[in-house]
Amino acid sequence: MQQKLIPVINDKFDVSIFLQIFRRSIWWIVIVFILALFSAFAFLRYTPSIYQSQSIIQINERNQTAEILDLKNNFIKPSELPAVIELIKSNEFLKRALSQLSLEISYFSQGTFLSTELYKCSPYIVEVKNPDPAFYNVQVFISFINSNSFLLEYFINGVKHTNTLSPNIWHKIYGVEIKVNINSFDDIKTHQDYLKKNTYYFVISSANSILSNVKQNLMVDVLNPDAKTIGITFSDYNANKTSDVVNIIAEELIKYDVEKKKESANKILEFIDEQLRSVYFQLDESEKQLLVFKKNNNLDSSLQNKLSPFPIFTTKINEFQGEVLKTDFELATLNRIDKQISSGGALKYFDLIAILSGTKSESIVSNILGEINKLENEKDQLLNDITGNNFKIKTLEKQIETKKNLLGDFVKTTIIRLTESKNDYLNKIKDLGTTIVSKNNYGGKDLEYAKINRLYTIQEGFYNKLIEKKAEYLISSAGYVSNNTILQKTEPPRSPIYPKSNTIILIFVFAALILSLMILMSRYLFFNEITAIGDIKAYTEAPIVGIIPKFKKHVPVSQLLVDKNPKSRLSEAFRNIRSNLQFISNEEGPKVITISSTVSGEGKTFIAINLSGIIAISGKSVILLDLDLRKPKIHIGFNTDNSKGISTILINKHSYEECLKNTTIENFHYITAGPIPPNPSELILSKSMDNLVTNLKKIYDVIIIDTPPIGLVTDAVINFIRADYPIYIMKSGFSKRTFINNINHLLTEKNISRISVVLNSLDTKNFKYGYGYGYGYGSGYGYGYGYGYGYGYGYGYGGGKYGSGYYDDDLKKEKVSFINRIFGLFKKSEHS
């Protein structure tokens, strides 16, 4: 019959095997968890802590005066939260805010693994003037020799520099003027004496470097669009610095906001004043012309009434005059914008937005200016990380230039259009004046007077309009009070955001759990040991004639134990083997039992000795032969000498009678292996061996032969062939499943049909009722073996109703506490 292939990995899950692997791996799992916890604490100890602070601002800017006067706010409205965020992130604003903090010089104390920033708590203060750019971002170690001197050590361009200086005095070193002021020399001395080395150092940073570092760790986000709240968050290795940075940004935003609003109003007022001066001069000239004309032509005030007999014409003239005023105002605004564009410099965004108030071109120009401002901000942000020659910067510059050209073209076109429109209005006014004069048959003087009076009236109206606007913006400027509220001014955080102790420990414990499961699963997948009868029966047709329970006490060498405690489970197991062998062959006459295994350590010598003893106890004469001539053990088990034995018998140096040795059991004798020969295989295969077995059969009922491992040498195969009962030993938890291939080889290739298997060192506590009646011998031996083995083992080794309390080892069993059971999981398995 073709045997089932033995898989390389376990393709089925067996809970009992998994628990057995778990028990064997428990110390590895404990070690993994210990290492994980140690790694977690090491990570927490030597990873720099990152702190985070957040300030919250509510944007709620209102200019009540402007609302009353119905004035437009033509700057970026604070309610436009994205615009406010961009303002906060802008370089100019951040430079303004950060200048309020002392960030130019950073102080540190260097530890074994980490450096700690001494922000606002340094025992000394450094002042510098005109630092050389090469001195920026250089670690300058400072060691205080005494209260009157200190030593500076630093590297610039790979060259070490040292300077011994005095405190509180300006010194010039490497292109920088420096002065060190000592706040507390006692603290410095205590620190240096404790660490026994120089650990203080400071770093001088440029404004751009400070700005870049802050922007990298600064986040500005909209928290609630409906509530108009903005969160300013900053992260750093120093807790106090994080709170100072976000608080100063929030405070400066409120100040900056009010200043910008007032600045916009001031720009408008400057523009109005400029126009007032120009219009006032023209108005004054017109008034002088009017007075001179009246005086020279003896005209009185009744002439105005005389020149206005047609209200419909005068109303139209006034309407056109109003349009001329608006056009002049817008032309003045656009001419100023055109002048700034033509200068080629950076556009003053807020100034231009401010003076556009009330003009027809306001929306279009504002949109273009907004796009230019957005592109310039984006360019400024990129310049923090890349150079001006970068492709992205070049692309943005091209886009900015295109937008400026578009704005310039629009302004120029609009100026031309408005000039034409103004001239058109003036022509209409002139035509209407001519019509009025012609209808009343006025002379040349009257017509000249009407012309001068009309020009005066236009200029006067324009001047009054400017005065009105100035008054409105003066009142509006007084109403600019910021209603932005700092909802949260943060305190220095007490705990870091990274690393968080609980999270890190949980991650490492989880990693240990995953690694432990991987260890267990890999060991399970590649688990190749025999653990139960089912592992053997699944891959071979050879019958199992018995199971030897795991012996609880450690036995240093194979010994005869069945005579010492005949009612033990161990003794009963050997009785079962003795009984089951009768079902394999029940012929009359002496029998030869050959015992072997795959490798050393599977317990074949132990089983050979005790099986011999149990058969001898039943009344039969038994002799045990040690044919393991390479590594004999029987003489060790009986604690006797090995000066003569099988090897000397086979070379005819001694007779077997001279080598016989007695045991404590009356009809149980044994012959040791004797001195180790150089040619053990030739001796075992010799005729002398056959003669020895033949002679012993005449005297003994049973001859038991302990052979060398059949998986290592071929001697045992010959003895298996000549045996009536060839027994193959496998050890639970030790023998590999691949060893079954040897059994199948003997069964099929060598035609040793009577081969049987004994499973040694089975931990029977895992099996409640034994193995019942199901383990038959197979073809030709089914009913006899199946009944005998099943009943015997089930009755003798069951922990259930019928087995409990029968044997001596059950009677002597002590109760085991729960704690001892837990500790039992960690004990290394001992094999019989």
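The following conversation goes through selected features of a predicted model.

User: What should I know about the model before we start?

Analyst: This is a predicted model, in which local features need pLDDT of at least 70 and side-chain atom pairs count only at pLDDT 80 or more, while totals for chains, interfaces and linings use all residues. Residues are numbered from 1 along each chain as its sequence is written, and side-chain values use heavy atoms, leaving out hydrogens and water.

User: How many salt bridges does a search of the whole structure find?

Analyst: The search finds 18 salt bridges, a salt bridge being a side-chain nitrogen of Lys or Arg within 4 Å of a carboxyl oxygen of Asp or Glu. One of them pairs Lys241 with Glu117, with the closest N and O atoms 2.9 Å apart. This pair links distant parts of the chain, since Lys241 belongs to helix α7 (residues 239-297) and Glu117 to strand β3 (residues 115-117), 124 residues apart. Helices (H or I, at least four residues) and strands (E, at least two) are DSSP runs, numbered from the N terminus.

User: Are Lys241 and Glu117 buried or exposed?

Analyst: Both Lys241 and Glu117 are buried. Buried means under 20% relative accessible area, exposed over 50%, and partly exposed in between (1.4 Å probe, protein chains only).

User: And what does Lys179 pair with?

Analyst: Lys179 meets Glu127 in a salt bridge, at 3.8 Å from N to O. Here too the pair links distant parts of the chain: Lys179 is in strand β9 (residues 176-182) and Glu127 in strand β4 (residues 124-129), 52 residues apart. Lys179 counts as buried because its relative accessibility is 16%, whereas Glu127, at 30%, counts as partly exposed.

User: Which helix holds both Glu572 and Arg575?

Analyst: Both lie in helix α16 (residues 569-584), 3 residues apart, about one turn of the helix. Glu572 and Arg575 form a salt bridge whose closest N and O atoms are 3.1 Å apart.

User: Changing topic: which strands does β1 pair with?

Analyst: Strand β1 (residues 51-58) runs antiparallel to strand β12 (residues 229-236), joined by 8 bridges. β1 also runs antiparallel to strand β13 (residues 485-488), with 3 bridges. Two strands pair if DSSP finds at least two bridges between them.

User: Which residues stand opposite Ser55 and Ile56?

Analyst: Ser55 stands opposite Ile232 in β12, and Ile56 stands opposite Gln488 in β13.

User: Where is the cis peptide bond?

Analyst: The bond from Tyr498 to Pro499 is cis, with omega near -5°. Pro499 sits in the loop between β13 and α14.

User: What about the backbone of Asn157 and Lys228?

Analyst: Asn157 has a positive phi of about 55° although it is not a glycine, and Lys228 also has a positive phi of about 55° without being a glycine. Most residues other than glycine have a negative phi, and most peptide bonds are trans. Asn157 is found in the loop between β6 (149-156) and β7 (159-165), and it is exposed, with a relative accessible area of 71%. Lys228 is placed in the loop between β11 (218-224) and β12 and counts as partly exposed at 32% relative accessibility.

User: Finally, where is Phe638, and is it buried or exposed?

Analyst: Phe638 is in the loop between α18 (634-637) and α19 (646-650). Phe638 is buried, because its relative accessible area is 18%. The C-alpha atoms of Phe638 and Thr672 are separated by 9.6 Å, with the two residues 34 apart along the chain.
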